Amino acid sequence: MAGGGLGEFVYDWVRKIPSGRVMTYGQISALLKGRLSARAVGWMMHSSPKGVPWHRVVNASGGCSTDRLSSLPAGFQRHLLEKEKVKFRTNGTMNLNRYRWIPTVLLLFL
């Protein structure tokens, strides 16, 4: 985290999420030991630098939280995830047991 602070730490982790996998805002908050709330992680995704796959970060239900934003077209995050072969249920959520990426470092805390 040297030099970049919490923001760069978050963006570095999001860049590590493999295509077709997701992490939740809460997972990323846990990597920071709660120094940044899940909600704050979500807001950071709205202003991610180029090259950060922000669309791979979803809410705790496995849903997309970006449809409420006027800065993005409705369904855009879902579209990007579907291009990566993520399947959604009829209620608009994905199966987190299948698509959630759990970095090895998080397994130490479980």
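This is a predicted model: local features need pLDDT of at least 70, side-chain atom pairs count only at pLDDT 80 or more; totals for chains, interfaces and linings use all residues.
**Exercise 1.** Examine Glu8 and Lys16 in the manner of the previous exercise.

*Solution.* Step 1. Glu8 is a residue of helix H1, and Lys16 is likewise found in helix H1.

Step 1. Glu8 has 31% relative accessibility and therefore counts as partly exposed. Lys16, at 47% relative accessibility, also counts as partly exposed.

Step 2. For Lys16 and Val52, 36 residues apart along the chain, the C-alpha separation is 9.2 Å.

**Exercise 2.** Describe how H1 packs on H3, and state which residues make the contact.

*Solution.* Step 1. Two packed helices are described by the angle between their axes and the distance between the axes. The axes are lines fitted to C-alpha atoms, for helices over the stretch in contact, and angles run from 0 to 180 degrees between N-to-C directions.

Step 1. Helix H1 (residues 5–16) and H3 pack at an angle of about 75°, and their axes are 11 Å apart.

Step 2. H1 and H3 are therefore roughly perpendicular to each other. Angles under 35 degrees count as roughly parallel, over 145 as roughly antiparallel, 65 to 115 as roughly perpendicular and the rest as oblique.

Step 3. H1 contributes Gly7, Val10, Tyr11 and Val14 to the contact, while H3 contributes Val41, Met44 and Met45.

Step 4. By class, this contact of H1 with H3 holds six nonpolar residues, one polar residue and no charged residues. Ala, Val, Leu, Ile, Met, Phe, Trp, Tyr, Cys and Pro count as nonpolar, Asp, Glu, Lys and Arg as charged, and the others, Gly among them, as polar.

**Exercise 3.** Characterise the largest pocket by its volume and its lining.

*Solution.* Step 1. On a 1 Å grid over the protein atoms alone, a cavity is a set of points where a 1.4 Å probe fits but cannot get out, whereas a pocket is an open set with protein on both sides within 12 Å along at least five of seven lines; lining residues have an atom within 4 Å of a point. Grid points are joined across faces, edges and corners, and a volume is the space filled by probe spheres set on the points.

Step 1. The largest pocket holds about 340 Å³ of space.

Step 2. Its lining comprises 13 residues, and Tyr25, Arg39, Gly42, Ser65 and Arg68 lie nearest the centre. Helix H2 (25–31) and helix H3 (38–46) are the elements that give two or more residues to this lining.

Step 3. H3 gives the most to the lining, with five residues. By class, the lining has five nonpolar, six polar and two charged residues.

**Exercise 4.** Locate Lys33 and Lys85, and comment on their phi angles.

*Solution.* Step 1. Most residues other than glycine have a negative phi.

Step 1. Lys33, although not a glycine, has a positive phi of about 55°. Lys33 is in the loop between H2 and H3 and is exposed, with a relative accessible area of 67%.

Step 2. Lys85, also not a glycine, has a positive phi of about 75°. Lys85 is placed in the loop between helix H4 (76–83) and helix H5 (96–99), and is exposed at a relative accessible area of 61%.

Note on methods. Residues are numbered from 1 along each chain as its sequence is written. Side-chain values use heavy atoms; hydrogens and water are left out. Helices (H or I, at least four residues) and strands (E, at least two) are DSSP runs, numbered from the N terminus. Contact means heavy atoms within 4.5 Å. Buried means under 20% relative accessible area, exposed over 50%, partly exposed in between (1.4 Å probe, protein chains only).
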